[in-house]
Amino acid sequence: MTELRLWLHQLRKNPLSVIGVTLILIFAIIAIFAPILAPPPEGHIDPYQIPRDGYSPVPQPPSEEHILGTTQGQYDIYYGVIWGTRSAFQVGLIVMGAILVIGIFLGSIAGYFGGIVDEIIMRVTDVFLAFPALILAMAIVVALGPSLNTVIIALIIVSWPVYARLIRGDILATREEDYVEAARGLGASNFRIITRHVLPNSIYSALVMASLDIGAIVLAAAALSFLGLGAPEGYADWGQLIQFSRNWIVGIPGNPLAYWYTVIIPGLFILFFVLGWNLLGDAFRDILDPRLAKR
Amino acid sequence: MNELLKIRGLTVRFYTYDGVVRALEDVNLDINQQETFGLVGETGCGKTLTALAILRLVPPPGKIECGSIHFYPDSKNGPVDLLSLSEKEIRAIRGSQISTVFQEPSAALNPVYTIGDQIAEAILLHQRQELNHKALEAARMSLMKTGLVAKLVKPVRLAEKNLYQRLVHNEHSVWSRIVGRIPVLRRLLWRIRDEAGKIAIQMLKEVEIPDPERVARYYPHQLSGGMKQRSVIAMALVCSTRFLIADEPTTALDVTIQAQSLELIRRLKTEFESSVLYITHDLAVAAEICDRVGVMYAGSICEIARVDDLYANPLHPYTKALMAAVPKPGEEPRAIGGVVPDPIKLPPGCRFHPRCDIATEICREQSPTMREVTPGHFVACHICQGG
C-alpha cells in the first residue's frame with residue numbers, strides 16, 4: 001500500500017508522465033468499452049469489421065449518422081478508430097510481450113553463461129539486425145500472406161534481437177556484482193541467481209525501452225497497413241484507415257482540406273497513442289528504479 | 001582439538017592468453033573446530049582465492065588443478081572432500097555449512113531487495129523443512145481461531161493447512177514443486193516466507209541492529225556501512241553455519257565500526273560454536289581476533305603459527321619484513337625491497353628469494369617445504385631455524 005502511494009507520489013512529481021498515464025488510460029477505457037461506445041450494428045458477425053454505408057468511393061463529411069464522417073468505401077471512421085484502439089493495443093502488447101519473453105530468455109542465457117552459447121545467440125541477432133527492420137518485416141508479411149497476425153509475427157521477428165542484446169549487455173555488467181557472488185556463496189542455483197538477483201537488477205533499461213517501443217511498434221504496424229500489408233480490407237485498424245485516405249489527403253483543387261477528417265482523425269489517434277506510451281516510458285523509469293525511490 | 005577443514009596440496013591455475021597464472025601452489029592448511037584462523041598477506045597473494053576455492057567458486061578461466069579440501073560437517077560423520085562433490089551437493093553446503101562475508105558490504109547486498117528478504121533467502125534456501133513445519137503450526141493455530149470471520153474463511157484455512165501438511169510430508173513432491181515454482185501460486189506459501197522473515201528479524205537482533213523490525217524492511221541504500229556489514233554477517237550466520245569465511249570484512253569500515261564488528265564476530269563465533277577463516281591484510285586485526293595465523297606470499301603459505309608465537313617470534317624472512325613494514329609511531333616504516341613476482345613468471349626455488357636478505361644458493365634452486373620447527377609453528381624456509 002505504501003509502495004503504491006510512493007508510486008503515485010513519484011508520478012505526480014513529473015507532470016509529463018501524468019499526461020502519459022492519462023492518455024494511455026483514456027485509450028484503455030476506449031478499448032475496453034468499445035462495444036458500448038460504438039455498438040456493432042445488428043446482424044454484424046465480426047465486430048472488428050467496420051460497417052459500411054453504401055459503396056461510394058467518395059468520403060462523406062461528418063453527419064448525424066456518421067459523427068466523424070465516412071472514408072473511401074463508406075466505412076464509418078468513428079467505428080473504425082474506436083475498434084482500431086483494440087487492434088492497436090493487441091498489436092502493441094502482444095508484440096512487446098513476445099519480444100520481452102524471447103529477449104529476456106535468450107539475452108539472459110547469453111549474458112549469464114557466456115562462451116559458446118553467447119557467441120551463437122549474438123551472431124543470430126547480428127543476422128537479424130543486418131536487415132533494415134521495416135523491409136524485413138514487409139518481406140515476412142508478404143511471404144506469410146497479409147493479415148493482422150502476420151504483421152504481429154513479422155514485428156516480433158524483427159524486433160527481438162535488439163532486446164536480447166540490450167538485456168545481455170546489462171546482465172554482463174550485473175553478473176560481476178558482489179551480491180551475485182554472495183548469492184552463489186549462499187548456495188543459490190544458477191536459475192535462482194538469474195531470476196532473483198541478476199534480472200531484477202538489469203531489466204530496467206529493457207522495461208523502459210519496451211514502454212517507449214510499444215508506440216513505435218504500433219507505428220510500424222500502421223505503416224505496414226498503410227502499405228497495404230496489414231489487416232484485410234475493412235478491418236478496424238488505424239493504419240488501414242489512413243490507407244483509405246491516401247487518395248484524399250490532398251483534397252480537391254481549391255480546397256486542400258476538403259477531406260481532412262479521413263486523415264486527421266486516425267492520425268490523431270496514432271499520434272496520441274504513441275505519445276502516451278513515450279511519456280509513460282519516462283514515468284516507468286522514475287517508478288521502477290529502487291535507487292531513485294524513497295528519496 | 002578436532003579438525004574442521006583440511007586443505008592438502010591445493011593448486012589453482014588460471015589459463016590466460018599471456019600464460020598460466022600459478023595463483024595457488026600446493027597450499028596446505030588445517031583449521032580446527034571453534035578456531036579463528038587468520039590468513040594474512042599482501043594484495044594478490046591468493047588469500048581470497050583460497051576462500052573461493054573452499055567454496056568451489058573459483059572464477060573462470062581459473063581451475064582447481066589438484067589437491068583436496070576435506071571438510072568435517074559434524075563430529076559423527078567422516079569428512080567430505082569438497083572438491084569431489086557434485087554441483088548440487090556443494091550448493092547445499094554453501095550458505096548452510098560454510099558461508100562467507102565479503103569485503104564490501106554495500107556491494108554484497110542486492111539493491112532491489114529489502115534486508116529482511118535477503119536474510120530470509122538464505123533460510124528459504126537451506127531450511128525449507130523446518131520452515132514447512134513452522135508454517136503448518138501457524139496454519140493450525142489460525143484454524144483454532146473462533147469468531148464470525150474465522151468461520152467464513154475456515155475452508156480456505158483448511159485447504160491451506162492441507163497444503164502445508166503435504167509439504168511437510170514430502171518436501172520434493174510434484175505438488176510442492178508446482179506450487180513453489182509458479183509465481184502466482186507461490187503466494188499460497190506466504191506463511192513460509194512469513195516464518196523466514198521472523199527468523200531474519202531474530203537474526204538482525206542477534207547482530208545488535210537496533211529496531212530490527214524496521215531495518216528488515218529497509219533497502220540496502222538506506223543503511224550505513226556498519227549496519228550493512230552487520231546485515232551481511234547476519235545473512236552469513238542465519239543458518240547456524242559451522243564455518244564462516246570472512247574475507248576482509250572490516251577493511252571498508254572505519255576504525256570504531258571495525259572494532260565493533262570484530263567484537264561481534266568474536267561473540268557470534270562462540271555463540272554458534274563455529275570456526276572462522278579470517279582473511280585480512282591488517283596484521284593488527286589478525287592479532288586481535290585470530291587463534292592461529294597463516295602468512296601467504298605469492299600463492300603459497302610460508303608460515304603458520306599460533307598468534308602469540310608468530311608475533312613474538314616470526315621466523316620466515318617475509319613475515320619479519322611484513323611486521324617491520326607496519327608503521328609504528330616515531331619510526332620510519334621499512335618497506336620490503338623489490339616487488340611481488342609476476343605470477344606467470346614465478347622465480348624458481350623459493351618464491352621469496354629475490355627479495356630475501358638471507359637467501360643462499362639452495363633458495364634459488366629448491367622450493368622449500370613446510371617444516372615444524374617448534375610445536376605448532378610451521379615455516380617453509382631453507383635457512384631459518386627454530387628457537
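Visitor: Which residues does B:Val238 touch, leaving aside its neighbours within four places in sequence, and what makes a pair a contact?
Guide: B:Val238 is in contact with B:Ile119, B:Ala122, B:Ile123, B:Ile199, B:Ala200 and B:Met203. A pair is in contact if the C-beta atoms, placed from the backbone, lie within 7 Å. This is a predicted model, in which local features need pLDDT of at least 70 and side-chain atom pairs count only at pLDDT 80 or more, while totals for chains, interfaces and linings use all residues. Residues are numbered from 1 along each chain as its sequence is written, and chains are lettered from A and ligands numbered from 1 in the order in which they are written.

Visitor: What makes a set of residues a nonpolar core, and how many are in the largest one?
Guide: Its members are buried Ala, Val, Leu, Ile, Met, Phe, Trp, Tyr and Cys residues joined through C-beta atoms within 7 Å. Buried means that 20 or more other C-beta atoms lie within 10 Å of the residue's own (12 or fewer is exposed, in between partly exposed). The largest core has 179 residues, and B:Val238 is among those with the most contacts inside it, as are A:Leu155 and B:Leu277. Helix 4 (residues 77-113) of chain A contributes the largest share, 15 residues. Helices here are DSSP runs of H or I with at least four residues, numbered from the N terminus.

Visitor: Why are helix 12 and helix 13 of chain B called roughly parallel?
Guide: Helix 12 (residues 225-237) and helix 13 (residues 255-272) of chain B pack at about 15°, with axes 11 Å apart. Axes are lines fitted to C-alpha atoms over the stretch in contact, and angles run from 0 to 180 degrees between N-to-C directions. Under 35 degrees counts as roughly parallel, over 145 as roughly antiparallel, 65 to 115 as roughly perpendicular and the rest as oblique. These two helices of chain B are therefore roughly parallel. Their contact includes B:Ile233 of helix 12 and B:Leu268 of helix 13.

Visitor: Why are helix 5 and helix 10 of chain B called roughly perpendicular?
Guide: Helix 5 (residues 128-144) and helix 10 (residues 190-206) of chain B pack at about 110°, with axes 9 Å apart, so the pair is roughly perpendicular. Among the residues in contact are B:Ala135 of helix 5 and B:Glu195 of helix 10.

Visitor: How many residues of each chain make up the contact between chain A and chain B?
Guide: 15 residues of chain A are in contact with 23 of chain B. Helix 8 of chain A gives the most to its side, five residues.

Conventions:
Two residues are in contact if their C-beta atoms, placed from the backbone, lie within 7 Å.
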